[in-house]
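Hi there,

Here is the structure I promised to pass on to you.

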Amino acid sequence: MAGTLHVEELDDRVVVTLRRPEFRNAINAPMVRELHEVCGMLEAQPRLLLLTGDGGTFAAGADIAELRERGRDQALQGINSRLFDRIARLPLPTVAAVDGYALGGGAELAYACDLRIASPTAVFGNPEPGLGILAAAGACWRLRDLVGASVAKQVLLAGRRLGADDACRLGLVAEVVPAGELLKRAHALLDRMARSGALALRLTKLVADAPGGHPVTDDLAQAILFEADDKRSRMDAFLAGERR
Ligand code: COA
C-alpha cells in the first residue's frame with residue numbers, strides 16, 4: 001500500500017508502520033483512509049496487528065493543519081474516534097510499538113490497541129486543551145480505563161506527559177525495551193499470542209471488552225469454544241505431555 005503507511009502482510013499478522021516522518025507521523029485524512037483499509041483487510045481475514053511509527057516517532061497527533069479547518073460537522077463525523085473504535089474492535093489482538101512521541105490522536109491510537117510496548121524515548125500525552133480542543137477520540141475514557149481517573153486527569157487536564165518508565169509502572173505499556181529491539185520484542189509478544197487458539201483469542205477479546213459483568217456472555221462464548229476441535233486437540237496435546 002503506497003501513501004502514509006507501510007503495510008507488511010504475514011500469514012498470522014499484519015505490520016503497519018505510520019510513515020509521514022516529516023510531519024512526525026501526524027494523522028491526516030489519507031492516513032485515516034488507509035488505516036480504514038487495513039481494518040477492512042483484518043475484518044475480512046482476521047490476523048494480529050502490530051502498529052508502529054517511522055523515524056523515531058509513533059505519531060504526533062491528528063494533523064493540526066487539517067484540524068484547524070474542521071468545524072462542528074466534521075467533529076460530529078468522529079473522523080478519528082470512529083477509526084480508533086474500529087481498530088479497538090478488530091477481531092484479533094493488536095499491539096502498538098511506541099518509539100518516541102505518541103501525542104494527542106497518536107496517543108489515542110496507541111490507547112485503542114490491546115497492548116503497548118515502548119522504547120525508552122516513548123512519551124504519551126494529550127495536549128489538546130492547549131490547542132483549544134478536547135481529546136475526543138477515546139482518551140477521555142480509554143486512558144481512565146488504562147491508568148485510572150487520577151493519572152488520566154493529570155494527563156488530560158494538567159498536561160502531564162507519561163515517559164516510558166512512568167507508563168510501564170502505571171501498566172500503560174507492558175515493557176520498555178531499547179529502540180533497536182522494539183520490533184523484535186513486539187513480534188515476540190505476537191508470537192506468544194499466535195500460539196493460542198485464534199477463536200479463543202477472538203472470543204476472549206470480545207468478552208473482555210464487553211462492558212460490566214456479563215456471565216451469560218462468558219458462558220455462551222465458552223460454549224462455542226467447548227464445541228471446537230481446536231480445544232480438544234490442544235487439550236489432548238497437553239495430556240500427552242506437549243507444552244506450547
Ligand atoms: N500536525 C501537523 N503537523 C505536525 C504535527 C501535527 N500534529 N506535529 C508535528 N508536525 C510538523 C511540524 O509542524 C513540523 O513541520 P515543519 O517542518 O513544516 O515546521 C514538523 O512536523 C516537525 O515538527 P517539530 O515540532 O519541528 O519536531 P520536534 O521533533 O521538534 O517536535 C513534537 C516533535 C511531536 C514534540 C512536536 O512536533 C509537537 O508538539 N507536535 C504537536 C503535538 C500535538 O499537539 N498533538 C496534538 C494534536 S491534536
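Among contacts in the protein chain with a separation of 6 or more, 67% join residues 24 or more positions apart. Please keep in mind that this is a predicted model.

The protein chain holds 12 helices and eight strands. Its radius of gyration is 19 Å, close to the 18 Å that the globule rule gives for 244 residues, so the chain is as compact as a globular protein of that length. The C-alpha trace spans about 60 × 40 × 35 Å along its principal axes. As for burial, 43% of the 244 residues count as buried. The accessible surface of the chain comes to about 12500 Å², and carbon and sulfur atoms make up 55% of that.

Now to the ligand. It is surrounded by 15 residues, and the closest are E22, R24, A60, A62 and I64. By type, this shell divides into 10 nonpolar residues, one polar and four charged. Helix 2 (64-69) and strand 5 (101-103) each supply at least two residues of the shell.

At I64, a polar backbone atom is 2.9 Å from a nitrogen atom of the ligand. At A60, a polar backbone atom is 3.0 Å from a ligand nitrogen. At E22, a backbone N or O atom lies 3.4 Å from an oxygen atom of the ligand. On its own the ligand has 860 Å² of accessible area, and the protein covers 59% of that.

Methods. Residues numbered from 1 in each chain as written. Predicted model: local features only at pLDDT ≥ 70, side-chain atom pairs only at ≥ 80, totals over all residues. Heavy atoms only, no water. Near = heavy atom within 4 Å. Polar contact = N/O pair within 3.5 Å; in protein donor to acceptor, adjacent residues only side chain to side chain. Areas by Shrake-Rupley, 256 points an atom, 1.4 Å probe, with all protein chains shown as cover. Helix = DSSP H or I, 4+ residues; strand = E, 2+ residues; numbered from the N terminus. Nonpolar A, V, L, I, M, F, W, Y, C, P; charged D, E, K, R; others polar. Rg over C-alpha atoms; globule rule 2.2 N^0.38 Å. Buried < 20%, exposed > 50% of the residue type's maximum accessible area, 1.4 Å probe, protein only. Contact = heavy atoms within 4.5 Å.
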